Amino acid sequence: MKLIGTLSLICLIMAMAATALGENSPVLDTAGQPLQRGVDYYIKPAITDNGGRFTLVDGNEWCEQYAGQENDSSAEGFPVAFAPFAEGEDVVRESRDLKITFSAITICIRSTTWQLESEKDPESGRRLIGTGSSGEAGNYFRINRQSEGIYSIQWCPTEFCPICRFDCGSVGVLVKDGKRFLALDGSVLPVVFERA
């Protein structure tokens with residue numbers, strides 16, 4: 001009997017969450033259009049002179065790649081494609097789980113999907129965003145609105161696992177050895193999305 005009551009409570013919470021999630025506004029690109037599943041977009045800082053477009057950054061090991069940022073705004077960078085967690089959802093919505101994948105081919109023959117690294121950077125203590133596809137919570141991020149047309153990216157996959165407790169964090173930049181890595185647990189980098 002206690003199990004039935006617990007299950008009913010969980011179902012009620014999930015139904016309320018699904019209703020609330022359905023009301024989330026679309027994320028808009030720099031032209032004011034909603035971001036679409038599978039369409040390529042450049043992510044770039046909302047503030048000029050704060051680095052360039054997002055790109056793949058090589059680590060210290062062979063085929064170790066991270067999500068990062070170009071050092072200056074004139075560099076091309078790589079576009080990304082978004083895949084909302086919700087099946088059948090073709091519009092990217094604010095504060096909803098999604099996968100972010102660089103639209104790039106590497107010689108490493110591995111996924112370019114963003115993935116929160118399980119180990120913290122030993123020098124800074126921050127969590128880096130690598131690449132790879134585990135199909136787990138580490139692959140799911142979300143986009144939150146900061147102000148009109150300006151957003152932040154966060155790792156907090158509560159749609160992927162509504163009953164899990166996560167140490168959520170927003171994406172910022174960690175500069176190491178002249179490279180700009182995307183990382184959590186620091187200042188937040190406001191961004192905009194430009195259709196490629």
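I started with glutamate 194, which is partly exposed, with a relative accessible area of 21% (buried means under 20%, exposed over 50%, partly exposed in between, using a 1.4 Å probe and protein chains only). A note on what I am looking at: this is a predicted model, where local features need pLDDT of at least 70 and side-chain atom pairs count only at pLDDT 80 or more, while totals for chains, interfaces and linings use all residues. Residues are numbered from 1 along each chain as its sequence is written, and side-chain values use heavy atoms, leaving out hydrogens and water.

Next I looked up the partner of glutamate 194: arginine 53 forms a salt bridge with it, the closest N and O atoms being 2.8 Å apart (a salt bridge is a side-chain nitrogen of Lys or Arg within 4 Å of a carboxyl oxygen of Asp or Glu). This pair links distant parts of the chain, 141 residues apart, with arginine 53 in the loop between β1 and β2 and glutamate 194 in strand β13 (strands are DSSP runs of E, at least two residues, numbered from the N terminus). Arginine 53 is buried, at 18% relative accessible area. I also found Lys44, Arg53, Glu76 and Glu194 linked in a network of salt bridges.

Then I checked arginine 127 and aspartate 185, whose side chains meet in a salt bridge (2.8 Å, N to O). Arginine 127 lies in strand β7 and aspartate 185 in the loop between β12 and β13, so the pair ties together parts 58 residues apart in sequence.

Last, I turned to strand β2 (residues 54-58), where 4 of the 5 residues are buried.
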